[in-house]
Amino acid sequence: MNHRTKIASLAAALLITAGAAGSAVASGDGRGGSREAAALTGSAKIYRVASDDITFSFDAHLASKDNMSPEAATGTFRFSHYRDGKGGYAVVKVDCLVTGGKVATVTGRVIETDLGVFRDRRVGVSVHDLGRHDRLGYNWVTQDPEQGDVPPCHTPAPFERTKAGTGDFKVLPWQPEYPTE
């Protein structure tokens with residue numbers, strides 16, 4: 001699969017999964033410079049009826065110079081899950097970021113954790129930026145560890161709700177520049 005086909009496949013998969021097309025955004029940053037190609041930032045707690053404390057935070061970016069290379073994304077994301085004083089966390093180095101409209105898919109390799117099951121594993125998260133009612137999905141619920149790593153930028157749709165008042169995810173839509181015919 002060539003590079004353009006791979007990029008188009010990633011973008012199409014995101015749009016199909018999210019069910020939303022990206023909206024038009026000015027290419028500038030409003031100050032005369034160019035904006036980054038895509039970004040996912042913010043944090044939130046996941047809603048649970050039980051007393052679980054599940055938090056996700058993101059600082060993932062795709063530079064404008066890398067607009068057609070989502071696997072050049074940089075940054076980190078972190079997640080933690082604690083209940084009754086037990087649980088753990090992981091810090092992930094971003095290796096792919098694709099956004100479409102208010103939906104983002106980000107993957108990366110765990111670089112720090114106190115949970116052995118995640119050590120050196122690629123994990124992925126999807127986010128739907130809905131203002132104060134954001135949603136989130138993650139691939140370790142659906143991934144079979146025996147099948148190895150998930151591919152870059154692949155993760156399920158955002159199926160979890162964020163806890164009221166905690167969702168502040170911000171998604172900067174990606175605008176790939178496809179050649180005109």
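How many bridges join strand S7 to S8, and in which sense do the two run? Two bridges link S7, residues 135-138, to S8, and the strands run antiparallel. Arginine 135 stands opposite arginine 161 in S8. Keep in mind that this is a predicted model.

Now for the whole sheet. Nine strands make up an open sheet with antiparallel pairing, in the order S8-S7-S6-S5-S4-S3-S2-S1-S9. The edges are S8 (160-161) and S9 (170-172), each of which pairs on one side only. Strands of a sheet pair through backbone hydrogen bonds.

Let's look at strand S4, which spans residues 86-100 and is mostly covered, with 12 of its 15 residues buried.

| Pairing | Bridges | Facing residues |
|---|---|---|
| S3 (residues 74-83) with S4, antiparallel | eight | phenylalanine 79 and alanine 90 |
| S4 with S5 (residues 103-113), antiparallel | 10 | valine 94 and glycine 108 |

On to the rings. The model has 11 aromatic pairs. One of them joins phenylalanine 58 and phenylalanine 77, a tilted pair at 5.6 Å centre to centre with 35° between the planes. Phenylalanine 58 belongs to strand S2 (residues 53-62) and phenylalanine 77 to S3, so this pair ties together parts that are 19 residues apart in sequence. Phenylalanine 58 is buried at 5% relative accessible area, and phenylalanine 77 counts as buried at 1%.

Another pair is phenylalanine 118 with tryptophan 140: their ring centres are 5.3 Å apart and their planes meet at 80°, so the pair is edge-to-face. Here the partners sit in loops, phenylalanine 118 between S5 and S6 (122-128) and tryptophan 140 between S7 and S8, so the contact ties together parts 22 residues apart in sequence. Phenylalanine 118 is buried as well, with 8% relative accessibility.

Finally, back to arginine 161, the residue opposite arginine 135. The charged end of arginine 161 sits over the ring of tyrosine 47, 4.4 Å from its centre.

Definitions and conventions. Residues numbered from 1 in each chain as written. Predicted model: local features only at pLDDT ≥ 70, side-chain atom pairs only at ≥ 80, totals over all residues. Heavy atoms only, no water. Pairing = 2+ DSSP bridges. Helix = DSSP H or I, 4+ residues; strand = E, 2+ residues; numbered from the N terminus. Buried < 20%, exposed > 50% of the residue type's maximum accessible area, 1.4 Å probe, protein only. Phe/Tyr/Trp six-rings, centres within 6.5 Å; stacked < 30°, edge-to-face > 60°. Lys NZ or Arg CZ within 6 Å of the ring centre and 35° of its normal.
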